[in-house]
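Some comments on the model follow, as numbered points.

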Amino acid sequence: NYFRAPYRTGSFRHMDRIFPFHVVRRAGAISELPRSDRQLGEVTYKWKGASHTLDELHRLTKTTGFLVIKDGKIVQERYFGGARETSTFTSMSVAKSFTATLVGLALADGKIKSLDDPITDYVPELKRTGYEGVPIKAILQMSSGAKFSERYVWGRYSDMDLMFERGMIDEAAPLNDYLKGLVRDLPPGAKFAYKGADTQALGWLVRHVTGESLADYLSEKVWQPMGMERDAFWNTDAPGPNGMEAAFTCLNATLRDFGRFGLMFLNHGRWNGRQIVAADWVEHATVPDSPQVQPGKLVKGSSLGYGYQWWTFPDDGAYAAEGIYFQFIFVNPKENLVIVKTSAFDRPWDPPLEGQTYAAFWAIAAALRNSPGVVR
């Protein structure tokens, strides 16, 4: 019931009361995220021939938090539905971009030799499964070829529903165990097929090569050196140190800390003069570089492409982390812009409304570019 109305809005801010979790600990001085003297005013955007306002979009999509960072400074920060600055918001699949980043950090640390290596070189438990011999890069690009269905339709169960229910809701079996039953569907790299199982496999990889939980590794490599504002937490399939994070979902953080992560990527992996993530990883992670993930090749009717667990936009270098129920970290390097949106939307997804959301984001970019003097 916690995913259904009227509980969803509260549930998405209190996932620590619903599932076990590991803490992503912060440390040291909080890094500054300054507020701009000029604030974003009301923005009107066009969609399907009609004009809309941001307030309309917030009502439509049940926005719970909205943060706009331009030139490294906050130009708008809003909370809805009882949320506030200290609230933690669940990421849904925005977590996938964090898990992929942990893979990049493990690569930089020498714990992974090459993305061309088969994942089974590091996770032997995946031998004799659909992941045997599959290059890590293909998994990062959601092109593993493992057979796994992911639909979000009430009453119609897919592999994603079964994996989440068994691992997280019933705690009947570890999340990673579900991967052991998957078989090969297509050759690795043949086709993009969005699946949380691929990200869970990446999480298992990180845990194997680092010997740490995903939460601890994220804390050590990102949360602490970046001076994040508050502890985050990552939901797991069991309490205690042996619990495994749901690598594909359920990372919970404040709006501003999600914003800091997006801003670090915008700045080529740097934060306050320190290289947090390798600049070449940021470049490769946010630019499609294989035929099956090029813009327009992923989903019928969509112009998006795919990097290493980031959705990419054609032509302008923008990219985004997305999660069901309308969670977003949108990064536009050309406009020096980061937008974070958390939500408790009525349905897991709505492709036309996704397009409308991005139309609003582009309108925000244009408003800030064309009206530098806008004030509160």
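1. Which residue in S3 is the bridge partner of Tyr-45? His-52 takes that place. Note that the model is predicted.

2. The strands concerned are S2, residues 44-47, and S3, residues 50-53; they run antiparallel and are joined by four bridges. Together S2 and S3 make a hairpin, with two residues between the strands. Lys-48, in the turn, has a positive phi of about 55°.

3. Aromatic pairs in the model come to 36. One of them is Phe-313 with Tyr-358, an edge-to-face pair at 4.7 Å centre to centre and 80° between the planes. It links distant parts of the chain, 45 residues apart: Phe-313 lies in the loop between strand S12 (311-312) and strand S13 (319-323), while Tyr-358 belongs to helix H11 (residues 351-370). Both Phe-313 and Tyr-358 are buried.

4. Phe-326 and Trp-349 form a tilted pair, with 4.5 Å centre to centre and 35° between the planes. This pair also links distant parts of the chain, at 23 residues apart. Phe-326 sits in the loop between S13 and strand S14 (327-332), and Trp-349 in the loop between strand S15 (337-343) and H11.

5. The residues of both pairs belong to one aromatic cluster, which includes Phe-313, Tyr-358, Phe-326 and Trp-349. Among the other members are Phe-66, Phe-345 and Trp-362.

Technical notes: Residues numbered from 1 in each chain as written. Predicted model: local features only at pLDDT ≥ 70, side-chain atom pairs only at ≥ 80, totals over all residues. Heavy atoms only, no water. Pairing = 2+ DSSP bridges. Phe/Tyr/Trp six-rings, centres within 6.5 Å; stacked < 30°, edge-to-face > 60°. Buried < 20%, exposed > 50% of the residue type's maximum accessible area, 1.4 Å probe, protein only.
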